[in-house]
There are 2 protein chains.
Amino acid sequence: MSVTIRDVARASGVHISTVSRTFSAPHLVNPNTRSRVLACAEQLGYRPNRAARALITGRTYNIGLIVADIANPFFPPLIKAAESQARKHDHHIFVADTNEDPVLEEEVVRALAKQVDGVLLCSPRMSNTLIEQLSREVPLVVVNRQITGIPAVVMDVAQGARLAIEHLTARGHRDIALLSGPRGSWTSREIRRSATATARAGHAELSVIGPNPPTEIGGLSVAEDVLRAGATAVLAYNDLMAIGLIEGLLTAGARVPEDVSVIGIDDIMLSRLTRPKLTTVATPTAAAGRAAVDMLLAHGDDRRSTAHLHLQTELVIRDSTGPGPGPHSPADPGDVIVPGGVAS
Amino acid sequence: MSVTIRDVARASGVHISTVSRTFSAPHLVNPNTRSRVLACAEQLGYRPNRAARALITGRTYNIGLIVADIANPFFPPLIKAAESQARKHDHHIFVADTNEDPVLEEEVVRALAKQVDGVLLCSPRMSNTLIEQLSREVPLVVVNRQITGIPAVVMDVAQGARLAIEHLTARGHRDIALLSGPRGSWTSREIRRSATATARAGHAELSVIGPNPPTEIGGLSVAEDVLRAGATAVLAYNDLMAIGLIEGLLTAGARVPEDVSVIGIDDIMLSRLTRPKLTTVATPTAAAGRAAVDMLLAHGDDRRSTAHLHLQTELVIRDSTGPGPGPHSPADPGDVIVPGGVAS
DNA sequence: ACAATTAATGCAAGCGGTTGCACAACTGTC
DNA sequence: GACAGTTGTGCAACCGCTTGCATTAATTGT
């Protein structure tokens, strides 16, 4: 069937171990032999079987990437970046979609554990204890969650939420609604915590609506609630919900941003293409994907790395937030960016 | 480190082969022994190493999925459906992103070949001959491309393009532009072929603009060309380009659909959320993902399956196509769907 | 009661590689 | 010219698991 190391050995008249070394420790084999072996391998179309190699070396050169929902536009850029970064290091990526189901998450990690060098858990919904336990079975890097002792890459959404709320209170909004995300989301809790504190500091009321599914439907379906609550501004758990909400508000006859200002989180590609264009907290998803892979691969070296990498977020002001009910400032040009790094 | 079949054998006092059979051929082992072994396995947390098993059985229970660009919103629903379907059959999915690069495509297929039971090539850019050659090294199913002898799942975009052009000519458009897709895209050629024929039959001029990158930038950057060509309607290679184009047209001061009607292809989620909502040819991407996986898994049974599955498309009429320059009909309600199956 | 099945298990080879060790052929040293 | 040190290669065990075959015990038929 497939050409193996033995075929190459036979063709080049050396022992299989020499062929093996030609590929995995070239400096140990005589240059002449080496080139002969390589020529034969080339000619036969030999490709090492990584699974077989992994059996003895323990390194699979595979990485597992687990996300709650591939179709959520937040994830594809992260997956893409991770895949690309992984391939740079000659690794391949298993992708699994858990449908926001914590049980499935555990199952998939376990199923993948044996055939990967590590797993990237993106915005996991399962419990901290379970994650800690799993991390004893397979190297884990968590994205968008902080757990002591587990290496993590987190977007600083707390900071982003603060920028967003400050932006709103500065424009005079006093009744703000927060559309929270799915149950079990660390990000959602962070946002809530930060938004609440910031609103209080800005002398605004913050009413929390949720938990909601993190989709445009989740936003759409609470438009009525937002209007009923009398909010003049909304911060949504993510852009998808924000966009759904805008759709719902417009349908209900409210104007955005004249009647209600809306801010999303993530800055997915879509946000630039809707009308009105969405004001949002940009999270560096691609960078997170790359960083997570790097962290996972470094993980092997200094055993039990435990670093937490915080990625700055920034507020991108577009058209879904208006001058607001307060004292008016002159109209903004498009895409004003408030970087998180310099926020007071 | 990890618990193996030997540990279980030792713990339950049987030979490793009995443990093996307990998992892979339970009917061959005595119910009592079986339950004892299972208990021990459970207690030790044993999980079979699939890579090791694959080494001898030849079945990896993995599938490779290769796409041109994960971040293109067309793909995530397909990937998600494929992953879900694969997992139903206890398979895992490798995802690779080739950045629209044919060379990378080949490389990745080869790299993955040994550790998968087959590969799904989605909208590949490489040559037919290369695909035929690769299909001799690893079972292949191609999505959105037709090659004799290679099993395939294709969206009937020709039909979709016909529906779209007919829709336009029926509304009196006589100057239509076609934004073609990337070089090497089978889909793009199909669309062009069908659109050209349909336009001719409808006594309309069709000017082809492209090739273009299949992104919103690709659409945005040709807005000027479209206006200069004097087209009153445009069919774009995909929704992303259509949305980019609309953005460009609006920016240039043209109204959509009053001045220019725009139709996309794919019906990505985004199309329902932009303003104006996009009229588009809906392609059943999720169904394609599922079907492709099924086809690949069936492939093993009846060797060298060569089936081509055609998936119907339909025209979803939203707000980016207006009554047109011809005789006006009453305004449409939202989301009129013209199914491809019954098209004349 | 005895041969012939049948059922349950053990044995060992092997899947495609890697790697510690042994060994032979050189190299340089005094 | 004997000795230690290099260098290049072969040998064989092993990674975790499957599977054809042999072995033994239990069951069946006559």
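Analyst: **A strand and its partners**

Strand β5 of chain B runs parallel to strand β11 (residues 308-311) of chain B, and 4 bridges join the two. The model is a predicted one. Within this pair, B:Val153 of β5(B) faces B:Leu309 of β11(B).

β5(B) has another partner. Strand β4 (residues 140-143) of chain B pairs with β5(B), also in the parallel sense, over 2 bridges. Here B:Val142 has B:Ala152 as its bridge partner in β5(B).

Now the side chains. β5(B) spans residues 152-155. B:Ala152 and B:Val154 point one way from the strand. B:Val153 and B:Met155 point the other way. Both sets are buried.

**The chain as a whole**

Step back to the chain, described here through chain A. Chain A holds 13 helices and 13 strands. The C-alpha atoms of chain A fill a box of roughly 85 × 40 × 35 Å along the principal axes. Of the 344 residues in chain A, 55% count as buried. Among contacts between residues at least 6 apart in sequence, 68% join residues at least 24 apart.

The domain assignment divides chain A into three pieces: domain 1 (5-48), domain 2 (57-155 + 286-310) and domain 3 (157-283 + 314-342). In chain A, the centres of domain 2 and domain 3 are 29 Å apart, taken over C-alpha atoms. There, 11 residues of domain 2 are in contact with 14 residues of domain 3. The domain 2 side of this contact has 4 nonpolar, 4 polar and 3 charged residues.

**Two residues of chain A**

A:Pro48 sits in the loop between α3 (31-44) and α4 of chain A. Domain 1 of chain A is given as 5-48. A:Pro48 has 16 other C-beta atoms within 10 Å, so this residue is partly exposed. Setting aside neighbours within four places in sequence, A:Pro48 is in contact with A:Phe23 and A:Arg53.

A:Gly264 lies in strand β9 (residues 261-266) of chain A. A:Gly264 counts as buried because 33 other C-beta atoms lie within 10 Å. Beyond neighbours within four places in sequence, the contacts of A:Gly264 include A:Ala236, A:Asn238, A:Asp239 and A:Ala242. A:Ser271, A:Leu278 and A:Thr280 are also in contact with A:Gly264. The C-alpha atoms of A:Gly264 and A:Leu245 are 10.0 Å apart, and these residues are 19 apart along the chain.

**How the two chains meet**

33 residues of chain A are in contact with 33 residues of chain B. On the chain A side, the elements that give two or more residues are α4 (50-57), α5 (75-88), β2 (92-97), α6 (102-113) and α12 (239-251). By class, that side has 18 nonpolar, 5 polar and 10 charged residues. The copies meet through the same surface, because 100% of the interface residues of chain A are also interface residues in chain B.

**The DNA strands**

Take DNA strand C. Of the 26 residues around DNA strand C, A:Ile5, A:Ser17, A:Ser20, B:His15 and B:Asn30 come nearest. α2 and α4 of chain A, together with α2 and α4 of chain B, each give two or more residues to this surface. The largest share near DNA strand C, 6 residues, comes from α2(A). By class, the surface near DNA strand C has 12 nonpolar, 12 polar and 2 charged residues.

Turn to DNA strand D. 26 residues surround DNA strand D, and the closest are A:His15, A:Asn30, B:Ile5, B:Ser17 and B:Ser20. At least two residues each come from α2 (16-24) and α4 of chain A and from α2 (16-24) and α4 (50-57) of chain B. Near DNA strand D, α2(B) supplies the largest share, 6 residues. The surface near DNA strand D divides into 12 nonpolar, 12 polar and 2 charged residues.

Terms used. Residues are numbered from 1 along each chain as its sequence is written. Chains are lettered from A and ligands numbered from 1 in the order in which they are written. This is a predicted model: local features need pLDDT of at least 70, side-chain atom pairs count only at pLDDT 80 or more; totals for chains, interfaces and linings use all residues. Two residues are in contact if their C-beta atoms, placed from the backbone, lie within 7 Å. Ala, Val, Leu, Ile, Met, Phe, Trp, Tyr, Cys and Pro count as nonpolar, Asp, Glu, Lys and Arg as charged, and the others, Gly among them, as polar. A residue is near a molecule or strand if its C-beta atom, placed from the backbone, lies within 6 Å of it. A residue is buried if 20 or more other C-beta atoms lie within 10 Å of its own, exposed if 12 or fewer, and partly exposed in between; C-beta atoms are placed from the backbone. Two strands pair if DSSP finds at least two bridges between them. Domain bounds come from an automatic or database domain assignment.
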